[in-house]
Structures are given as C-alpha cells and as structure tokens.
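Trainee: Before we discuss this model, could you take me through the terms used to describe it and show how each one is applied?

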Amino acid sequence: MGKKSAQRHEGHDAVQFQIRVLLLGVLVLVCFGLLIWRFSVLQISRHAFYSTQADSNRIGIAPVMPSRGLIVDRNGVVLAHNYTAFTLELRPDRVGDVDQTIAELGKLVEIGPKDIKRFKQLLSESKSFETLPLKLRLTDEEIAKVAAQVYRLPGVEIKARSFREYPYKALTAHVIGYIGRLSEKDQQVLEETGKLVNYRGTTHIGKLGLEQKYEDDLHGVTGYEEVETDAAGRAIRVLRRTPPIAGNNIQLSLDIKLQQYADELFGDRRGALVAIEPATGGVLAFVSKPGFDPNPFVDGIDAQSWKELNESIYRPLNNRALRGMYPPGSTFKPFMAMAALEMGYRRPGDAIADPGFFSLPGSSHRFRDDKAGGHGSVDMYKSIAASCDTYYYRLAYDMGIEAIDRFMPKFGFGQKTGIDLPGEVEGILPSPAWKQKRFSGARFRDEHRKWYVGDVVSIGIGQGYNSYTPLQLAYATSVLANDGVAFKPHIAWHVTDVRTGKVSTVEPTPIARHDFKPENLAVVKQGMRGVLMPGGTAFGISGGLEYAMAGKTGTAQVITIKQGEKYNASRIHELHRDHSWFIAFAPADQPKIAMAVLVENGGFGATAAAPIARKLTDFYLLGKRAEVPAPTAAAKPGSKPAAPEQPASQEGDHD
C-alpha cells in the first residue's frame, strides 16, 4: 500500500509539474505575442509618427526672412533700402540664466542699458523659440571676441540680419514712413487677416507712410530651412531649404530732387508743400516741415529722443501736409468764384463798389477789407487778382452756406482725397449740420449750435470755420487746372514683381469729371493769372517769368483781431502769427504742375509762400535753380524759426 501510495503521489506531482510547465509555456507565448504585437505597432502602424518624433529631436525648422522691397523715386533714386549686418542674439529656451549670460557677454562686448532694455521688451513679447537680438551691428572685432567664446555660452548666436535704412532721413520721413518691431497688436491683426504664418521669423513691419500702406507688396514671402542639430541644439547642417521671395520694389511719382529743393526753399521755416501733376494725379513733391529722422525708429527709439520729438512745440512728428488743418485764407476765393459763376450768383462783369468793409443789413459790425478805403470798383477778375475781401463777404452772404456746402465738395473740400498714405484727415467744410454735430456736447449751449448769418460771411474769404489740409488745397488746385477732371492723388507709380519682373502701373483714372462751363473756367483762370500781373497780389514774384503762371495768395488768420484793432506781428507770439499760403499751376494753358504752399506763421502769402512756389516751378519746368541762402538753424525740435519779414501792422485778410 505504501508503495502504491507513493507511486500515486509521484504521478500527481508529475501531472502538476506538466500543468505548470504548460501554463508557463502559455504565459511565455502570450508575452512573446504581446511583444510581437507591440513591435508591429511601433514598427509598422505608428512608424511614421515615431519617425517624425525622432527627426524632430534632431531637425529644426528655421524661418528665413525675405528681403524687403526697395522704394525708389520716379528717376530710380533709392529712398529706402536694406543692408546686412551681424547681430548678437540669444535663444531664451537654451539659455540657463539670461541675466548671467548677458553679464558674461558684457565682458566681451559693450552692451548698454538701451540694448538690455530692448532685449527684455522683446523677451516679454516673444511667444516663440526664435533667437532675439541683444546687440545690433557688431564690428569685426566684436564678432571675433564672441565667436571665440560661444562654445561655453549655450543659446548664444551670431546671426546676419537685414536692416532697413532711409538715406534721406527727415526729407522723406512723412512720405516713406518707417518700419518698426512687430508688436502684439500687429501680430493680432496679422493673425486675424490670415497673414501671421508669412511673418514667422520677421521682426519688423511697416508702421507709417508708404511702408505701412504697401506692407503686403514690400514684405515678400518667408522661406524655411530644415536644419540638423546636435544634442546641444547647435546647427550642424542644412538638410533642405525653401528660399524666401523678396518683396516687390515700388517706384514713386515723387521727384527727390524737387523734394530736396523745396526743403531748401523753406529753410528753417515750418510748413508744408504738395505738388501734383494735374493730368495724372501723381504727387511730385510732398513736404512737411520740420521732419524727423525715421532711422532710430527701426530698432526702437530711446526714451529721451522720443520725448524731445513728442513734446516739441513745433510738432515734427505731425504730417502737416496730410493731417495739418488750416484756414485757407484767400486761396479759397477762386473756388468761391467758380461756385458763383456755375450756380448763377455772379456774372464776370458784375461789379461792386468796395468801401473797405462789409456790414450785414441792420448791423453796425464791419467785416474789414484787406485794403483800408477799399479797392474801388471790383469785378470778378479784380476780386481774384487784387484779392478783394469785400467782394467775397458779399458773395458768401448772397449764396448762403447751403449753396457753398453743395458746390465745394467738387474740389474735394471737406473730404479725403484718397491719397495712398494712411492717416489722412477730412478737413472741415462748415455747414449748419456740421455745426450741430461739432457743438453737440453738454458743455455747449443752444446758441453755440445755431448757424448765424454772420457765420457764412467769413467763409467767403477762407476764414471762419473753414479748415483744410495743404494736400486738399493742392488737389483742389489740380482739379481747377485740369478743367474739372479730378484724378486721385497717388505717390506710388510702379510696383515691380521681383519674381516675374512684371511691372504694375498705377494708371491715372479720373475719379470725377465736373462739367464746368469753359467760359467760367477761363474767367477764374484769367483772374489767377492776374495775380502775377501788375496790380496782382503776387506781381512781385513775376520778374523774368518764362511761362504763364496762375496763382492765388492767401494770408490766414490764426487768432481773431478785435473790431477796430490793428494787427501787429511783433506784438504777437510767433505761433499766433498769420499763415502764409500760395496755390498755383503752370503753364497756365497746359498745366504740368499744380501746388499748394503753406508757411506756418509766415505772414503775407506774397512774401513767404509765393516765392517758394515760383522758384520750385522754375526748377521743375526749366531746370533753373536759384541760390538759396543757408538756413540760420536746422528745422528740428527745439530750433526757433526765424520771424517772418512783415510790415509792422496789417488789418483784415492781407495777401
């Protein structure tokens, strides 16, 4: 029994052993099955995913900035271009201690507070892992010093970057504008418009002027490089490259030589000048004085320089030609004359007796003429040539504000011209509706909102609520010179696609054709020619004139002179003195240039603005250049313009 029991026990153990072996075998097979399944998933099903992940550990995608397009004048002179320089840059995600790294770099090259402040600002705005510039435009010696130590400074790189430069500085600042660093607001706008992907790696964008207006053309298309990196993140080699496409080049209608000469003619005086080709709308010159150097704005202007520019009483940052609003003075009279003729309020031969003032019926208040004792008998020709205020006081009273408000938009008054520059203002063509809106606030009383008969009288001589930009006056003059055919002013002329070489031209297309009667145009133009003839207000600039020129002087009051009081420039603060205006076109029979010239606080239009227009027209039509005295001071913030030469006193609206 004992033997049989032992045999049974041994048999049972053998069975259990076999079961355990079998189970272990199954477990081994299952484990191998799981491994095989997992290997198949990794090697087959998800091969592409993990392959990409592996590549991403050794391959980086680096955007390549495109070269920004050039801006040149009508003759091909470069006004905005690029140059390459080396910069010292940090990649924050690879730098352990940013401040410590900057301190170490400071032992190798000079890093100023401005450099650190700019870098910290960029660091706070950055949302990517791209390098950020710490010091710009390294010298060869600085490059050598950093390159020798870069191995022990992870995240430090020396990169070649493209920089923008404006060689004519203040001369073109208000036209060309400038580029500046991309802000969060810029990035938000780019994201909303679906353009952000094209700005990867781009640090700058157009901020003002043509740089802003034509940003899409000038920027180009960003390229990319696939770069193999080592374990430390350093680039080893470029695996693949999609080259960037440079931005398009833009040629302007602007003539930089004409612009330079106009600037010289102003000297240290403040003001604006806009010259237009009437038959196309092309802008030939666009001057705003004083200007500013746009180059410091590219990399971020320092606080002190910004404060000086921003707080200067002479407002160099203000684009006077585009945004400065001024009463037009007597330059408004030719357009009033056209309105009177076209609407039937006057005939050319209708004359008035000018006693030297105008009074509303039943009123003792006198609206004074510019000439004490008056101009005698005045018809329309003489009203323009001699600039008789009384004639236009009475005309405005007879027409009423509604008629003036209906007609003047034909010349662009009170509305934007549509020029290809951002920031243009509309100006003010006053009307009862405008006055209601202007004085609608709770701090104004009903009498402020009411339109009075006396309000329209001053409108007739370009005073009162009238307020327009020099650009609007130049545009209005070009429409008159072109017999009522209006072309939208434009500064860009040709856009060249660098990929195809195709040139797109801004074609001169009329935006309006006003059917003015030829005989009425002839009367007004003859009156404007009379301005430069004996008895005309600008006869003094007509000596040696080799072509027919039509013009109109204007002297616009800045402050109101009380009834019976005489104007004395020497007793008035410089910034409260009258503005000097002159509008003109030439040759009078086939105009090639129309312009408006404003000299701020310059006094008589005939003595300050008119000579500038005459000399500039001589230069444009004949190539003649008069000697220009050297300015006594640069037109910059803090410089004091010279006091204009004027008689000791004046009254009314002198020209």
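Trainee: Which residue in strand 12 does Ile276 stand opposite?

Mentor: Ile276 stands opposite Val283 in strand 12. Please keep in mind that this is a predicted model, in which local features need pLDDT of at least 70 and side-chain atom pairs count only at pLDDT 80 or more, while totals for chains, interfaces and linings use all residues. Residues are numbered from 1 along each chain as its sequence is written, and side-chain values use heavy atoms, with hydrogens and water left out.

Trainee: What makes strand 11 and strand 12 a pair?

Mentor: Two strands pair if DSSP finds at least two bridges between them, and 6 bridges join strand 11 (residues 271-276) to strand 12, the two running antiparallel. Strands here are DSSP runs of E with at least two residues, and helices are runs of H or I with at least four, both numbered from the N terminus. The two strands form a hairpin with 6 residues between them, and Gly281 in the turn has a positive phi of about 85°.

Trainee: Why is strand 12 described as largely enclosed by the rest of the structure?

Mentor: Buried means under 20% relative accessible area, exposed means over 50%, and partly exposed lies in between (1.4 Å probe, protein chains only). In strand 12 (residues 283-289), 7 of the 7 residues are buried, so the strand is largely enclosed.

Trainee: Why is Asn520 called buried, and which residues is Asn520 in contact with?

Mentor: Asn520, in helix 21 (residues 518-530), has a relative accessible area of 8%, so it counts as buried. Leaving aside neighbours within four places in sequence, Asn520 is in contact (heavy atoms within 4.5 Å) with Met338, Leu341 and Glu342.

Trainee: What makes a set of residues a nonpolar core, and which members touch the most others in the largest one?

Mentor: A nonpolar core is a set of buried Ala, Val, Leu, Ile, Met, Phe, Trp, Tyr and Cys residues joined through side-chain atoms within 4.5 Å. The largest has 123 residues, of which Leu273, Phe286, Met408, Phe411 and Phe582 touch the most other members. Helix 16 (residues 389-407) gives the largest share of this core, 10 residues.
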